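Q: I'm new to this one. Can you show it to me and walk me through it?

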Amino acid sequence: MIEKQERLTAKKFWQELAKGIVITNPVFVLVLGLCPTLAVSNSLNNALGMSAGVIFVLLGSNIIISLLRKITPNLVRIPVFIVVIATFVTILSLVFEAYLPPLYESLGIYLPLIVVNCIILGRAEVFASKNSVTLSIADAFGVGFGFTIALIIVAFFRELLGTGGLEVFGKQLFSIPVLAESPMSIFIMPPGAFIVLGLLLAFFRMIGVLKHE
Amino acid sequence: MSEAGPSLITIFIGMVLVNNLILAKFLGLCPFFGVSKKITNALSMGAAVTLVMLIASIATTLIYRFILVPFKVEFMNIIIYILVIASLVQIVELFIKRTNITLYNSLGIYLPLITTNCAVLGVTLINAQENYTMLQSIVSALGGGIGFTLMLIIMSAIRERLEFADTPKSMRGLPIAFIIAAILSLAYMGFSGLI
């Protein structure tokens with residue numbers, strides 16, 4: 001009996017994980033957290049750094065909020081969520097500043113702005129405040145990986161077209177001969193972010209991954 | 001001005017046109033794509049954001065200069081700022097409700113949304129990062145708010161006409177809005193020579 005129940009939660013764990021990545025992908029399906037998606041997707045490095053940050057904050061806040069869900073009065077739940085999230089963002093920003101200064105510099109104000117990322121507050125309100133800690137962890141990883149995948153896809157196209165090659169953590173993966181000499185630098189500038197995300201959304205709708213409005 | 005730094009005009013033009021919050025810094029995109037379908041809504045939202053941004057900038061600059069810096073706890077600014085903004089939004093909402101009910105009815109539903117609007121927190125963080133004085137912060141907030149409102153109005157006017165346009169099926173709705181934003185952003189890049 002106990003074993004069966006455990007297997008059930010394990011199954012649910014993977015379900016929640018998969019749901020966040022594909023079915024309710026925060027960026028492509030729910031269109032949440034646009035500010036960081038557009039702002040830091042100009043290079044794969046930034047995208048990976050931002051994703052790691054978001055997963056850390058999401059995981060931390062989901063765990064704490066899920067633990068506190070029974071003692072948080074309903075009336076003040078939003079301020080509680082915000083303080084918990086802001087605490088984790090402060091920790092993250094101090095860690096990045098100390099150990100990864102170049103990344104900290106290039107993420108700039110978008111690192112503290114994780115506080116107002118709708119994805120994190122949304123998961124706290126919709127999921128973590130109503131579910132057990134284990135499921136909240138699964139949810140955090142699912143949504144976090146969904147965000148990471150979306151960010152990597154956008155950053156891939158932007159860096160490839162904007163610089164003519166791909167570079168991860170200072171290592172040049174490859175470069176396209178002609179494009180690298182005269183890259184379409186518009187793609188690493190703000191307009192490129194809007195173009196790439198707009199076309200990606202349209203493409204996912206066309207092949208039928210996403211529902212039409 | 002006792003302290004050196006960019007002049008007020010430079011900050012203002014920079015915030016309205018060159019470093020437009022929406023098109024260059026990607027802040028406040030949710031209302032940009034969500035609210036801006038009617039011009040009147042866009043105007044109300046813009047006004048509400050500008051108001052909160054202005055008050056929040058004054059309050060956070062005071063806190064930053066007179067509490068955080070003297071006590072050497074600048075790293076606490078994220079938590080403090082978000083709490084200040086959240087409570088300010090509540091106060092502004094109550095104040096408008098008591099004093100001007102017509103304004104409240106037109107701004108009403110947008111006010112709570114502003115708490116999680118990254119544009120407001122973004123501007124206060126930029127002020128702290130650039131170490132702006134009080135006057136500079138006020139001008140920067142005002143410029144940011146005006147630039148934001150301007151963008152919302154432009155976008156809503158375009159989207160009102162877009163309703164009647166024959167867009168391809170998969171481009172309808174958000175994707176085409178992104179492409180429009182890209183074209184607007186491209187146009188705004190032309191202003192970059194101004195400062």
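Cavities and interface

A: The second largest cavity holds about 50 Å³ of space. A cavity here is a set of points, on a 1 Å grid over the protein atoms alone, where a 1.4 Å probe fits but cannot get out; lining residues have an atom within 4 Å of a point. The volume is the space filled by probe spheres set on the points, which are joined across faces, edges and corners.

Q: Which element gives the largest share of the lining of the second largest cavity?
A: Helix 3 of chain B, with four residues. Helices are DSSP runs (H or I, at least four residues), numbered from the N terminus.

Q: Before I go on, what sort of model is this?
A: It is a predicted model: local features need pLDDT of at least 70, side-chain atom pairs count only at pLDDT 80 or more, and totals for chains, interfaces and linings use all residues. Residues are numbered from 1 along each chain as its sequence is written, chains are lettered from A and ligands numbered from 1 in the order in which they are written, and side-chain values use heavy atoms, with hydrogens and water left out.

Q: What is the volume of the largest cavity?
A: About 100 Å³. Its lining includes A:Tyr110, A:Cys118 and B:Cys118.

Q: Switching topic: how many residues of chain B are in contact with chain A?
A: 37, and they meet 37 residues of chain A. Contact means heavy atoms within 4.5 Å.

Q: And which element gives the most to that side of chain B?
A: Helix 9 of chain B, with eight residues.

Technical notes: Helix = DSSP H or I, 4+ residues; strand = E, 2+ residues; numbered from the N terminus. 1 Å grid on protein atoms, 1.4 Å probe; cavity = no way out; pocket = protein on both sides within 12 Å on 5 of 7 lines; lining within 4 Å.
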